[in-house]
Amino acid sequence: MSQLQPLFGILIALSFSFRAYMEWRYIRETKSHFISLVLVAVSLIFTIAFFIFR
């Protein structure tokens with residue numbers, strides 16, 4: 001189970017990346033894809049921090 005924990009952070013980042021792409025592609029006028037991009041960055045930062053401070 002300990003080997004799967006970093007995988008969860010990567011999967012969350014991938015899901016937010018896909019969401020940001022879909023928002024950018026289909027509802028570009030709302031600019032809501034920027035929030036999803038920020039969430040991608042935050043989830044990647046926490047995943048990397050988890051690797052470092054493990």
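This is a predicted model: local features need pLDDT of at least 70, side-chain atom pairs count only at pLDDT 80 or more; totals for chains, interfaces and linings use all residues.
A residue counts as exposed when its relative accessible area is over 50%, and as buried when that area is under 20%. Between its C-alpha atom and that of His33, 21 residues away along the chain, the separation is 31 Å.

The wider view comes next. The chain contains two helices and zero strands. Its C-alpha trace extends over about 40 × 15 × 10 Å along the principal axes. The radius of gyration is 13 Å, whereas a compact globule of 54 residues would have a value near 10 Å. Buried residues make up 19% of the 54 in the chain.

Charged side chains complete the picture. Side chains of opposite charge can pair when their charged atoms come close. In this model the count of salt bridges is one, and the partners are Arg19 and Glu23, with 3.0 Å from N to O. Both residues belong to helix H1 (residues 5-26), and because they are four residues apart there, about one helical turn separates them. The two partners can also be described by their accessibility: Arg19 is partly exposed, with a relative accessible area of 48%, while Glu23, at 11%, is buried.

How values were computed
Residues are numbered from 1 along each chain as its sequence is written. Side-chain values use heavy atoms; hydrogens and water are left out. A salt bridge is a side-chain nitrogen of Lys or Arg within 4 Å of a carboxyl oxygen of Asp or Glu. Buried means under 20% relative accessible area, exposed over 50%, partly exposed in between (1.4 Å probe, protein chains only). The radius of gyration is taken over C-alpha atoms; the globule rule is 2.2 Å times the number of residues to the power 0.38.
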